[in-house]
Amino acid sequence: MLRGIRSLLRGSTYAGALFAYCGALASLPLLPVAALPAMAWSSASAGVRFALTVLVWSVLIAVIGLARTTRRVLIACARRMLGVPLPDPVVERRRTGSPGDGSSMASGADRLRTPLWLLSQVALGWAGAQLSVLLFVAGLLLPGGWAGAEAGLSVNGWTLRADSGWQSWAAALFCLLLAAALCLAVTHALRWLAPRLLGPSSAERLALAAERERALAERNRLAHELHDSIGHTLTSATIQAAVAGEVLGADPVAARAALRSIEESTRAALEDLDYVLGMLREEKAGTAPARALCDLPELFDRMRHAGAEVEPEMSGDCAQVRGTLSRAAYRILQEGLTNALRHGAGGPIRVRVATAPDSLELHVVNRTGAGSAVTRGAFPTSGHGLPGLFERVRLLNGEMEAGPEGPEHWRLTVRLPVRLPV
């Protein structure tokens with residue numbers, strides 16, 4: 001009982017009823033147009049002409065509901081005045097389907113939901129508005145008997161009339177409460193219909209799920225890019241700074257080379273960071289830094305400046321591998337070399353890149369063990385390096401192996417399918 005009274009007192013209840021009444025009023029300009037066929041059919045009875053007017057009126061309302069703009073406006077108004085959480089409508093994409101696959105039938109059924117909502121809103125609005133106005137006026141006129149107003153109830157010849165003062169006041173209160181309850185009923189009916197007629201259809205839910213999946217995949221890709229770029233830069237810059245500090249007095253040339261390498265690597269990392277942050281903020285980001293297999297010599301030089309001994313072995317024409325595959329291969333090798341620099345025990349890091357007509361093979365082998373004084377225990381890891389590599393390789397339909405090779409070495413092997421241009 002108390003919950004019902006609180007519901008009647010809430011402003012959202014009357015906002016929902018007002019939403020229905022506004023829909024009814026908005027349909028009024030269509031009424032003269034709907035009445036034209038009935039006026040032209042003068043020989044028909046009044047009942048037939050009334051039914052024809054209502055039918056044409058309903059068709060005109062339904063036609064307005066077929067417009068996409070109408071659906072967007074209705075969803076925005078329902079969210080505002082009914083308090084129903086409705087997502088924005090998904091932009092329809094053209095699909096090519098074979099005849100008989102059912103896609104066109106589903107699309108037609110989905111498009112009928114907005115006209116059904118408009119017809120329901122107008123019907124509830126007119127019924128609720130007329131009854132609530134009648135009850136409200138009765139509640140105002142009955143207490144004083146204004147305009148000769150009186151209330152009565154007749155059942156099977158037995159009549160009860162509110163002719164005394166307290167009876168008229170009780171009847172007026174009952175009319176006002178009934179009008180408020182009617183507003184509540186209209187609002188609840190619209191709230192029940194809104195998710196079913198204005199909410200996403202099954203096709204829109206699939207499109208929303210696909211959109212969320214694409215967004216998550218993009219964010220995951222950006223996270224990988226940021227992890228590879230910033231992780232590599234911080235590792236190499238830390239080691240280069242340590243090397244520069246050790247040889248600053250004895251070998252100023254080597255110290256300046258290390259500092260120059262720190263500047264170049266951090267500038268490249270800042271470009272990656274600006275691009276990723278722009279994408280995450282949904283701003284118009286610049287062109288993505290395009291580092292590919294052809295940039296491997298620069299990567300090897302930075303590793304050497306950090307104190308690593310890199311022994312590359314290149315076979316095939318890496319320049320023929322382009323696009324996403326080339327950029328992904330660069331990032332894979334960058335992560336492999338960074339891990340070797342972090343966790344290796346010194347000694348040469350062997351890198352092999354083999355390009356074949358149908359595959360691209362990447363190998364990174366480094367020594368493991370106690371480690372040098374510079375690298376041992378200096379770099380805590382997040383644990384996302386190898387899982388990120390596995391996911392990147394899986395998205396490229398490739399294969400990856402990572403693990404010990406003998407008692408003193410660690411091997412990273414990646415095989416990616418490739419189709420070189422003829």
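Which side chain does the side chain of T413 meet in a polar contact of 3.3 Å? The partner is H363. A polar contact here is a pair of N or O atoms within 3.5 Å; within protein, one must be able to donate a hydrogen and the other to accept it, and residues adjacent in sequence count only if both atoms are side-chain atoms.

Before going on, some ground rules. This is a predicted model, in which local features need pLDDT of at least 70, side-chain atom pairs count only at pLDDT 80 or more, and totals for chains, interfaces and linings use all residues. Residues are numbered from 1 along each chain as its sequence is written, and side-chain values use heavy atoms, with hydrogens and water left out.

Back to T413. It sits in strand β7, residues 409-417. Helices (H or I, at least four residues) and strands (E, at least two) are DSSP runs, numbered from the N terminus. T413 is buried, because its relative accessibility is 3%; buried means under 20% relative accessible area, exposed over 50%, and partly exposed in between, with a 1.4 Å probe and protein chains only.

H363 is also the bridge partner of T413. Strands β5 and β7 run antiparallel and are joined by nine bridges; two strands pair if DSSP finds at least two bridges between them.

Next, the aromatic pairs. How many does the structure hold? There are two. One of them, F19 with W117, is tilted, at 6.3 Å centre to centre and 35° between the planes. Rings of Phe, Tyr and Trp (its six-membered ring) pair if their centres lie within 6.5 Å; planes under 30 degrees apart count as stacked, over 60 as edge-to-face and the rest as tilted. F19 belongs to helix α2 (residues 11-26) and W117 to helix α7 (residues 113-141), so the pair ties together parts 98 residues apart in sequence. F19 is buried at 5% relative accessible area, and W117 is buried at 0% relative accessibility.

Last, confidence. pLDDT is the predictor's confidence in each residue, from 0 to 100. The protein chain averages 76, and 75% of the residues score at least 70. Over residues 92-106, pLDDT stays under 50, and the model has four contacts beyond four places in sequence for them. A contact means heavy atoms within 4.5 Å.
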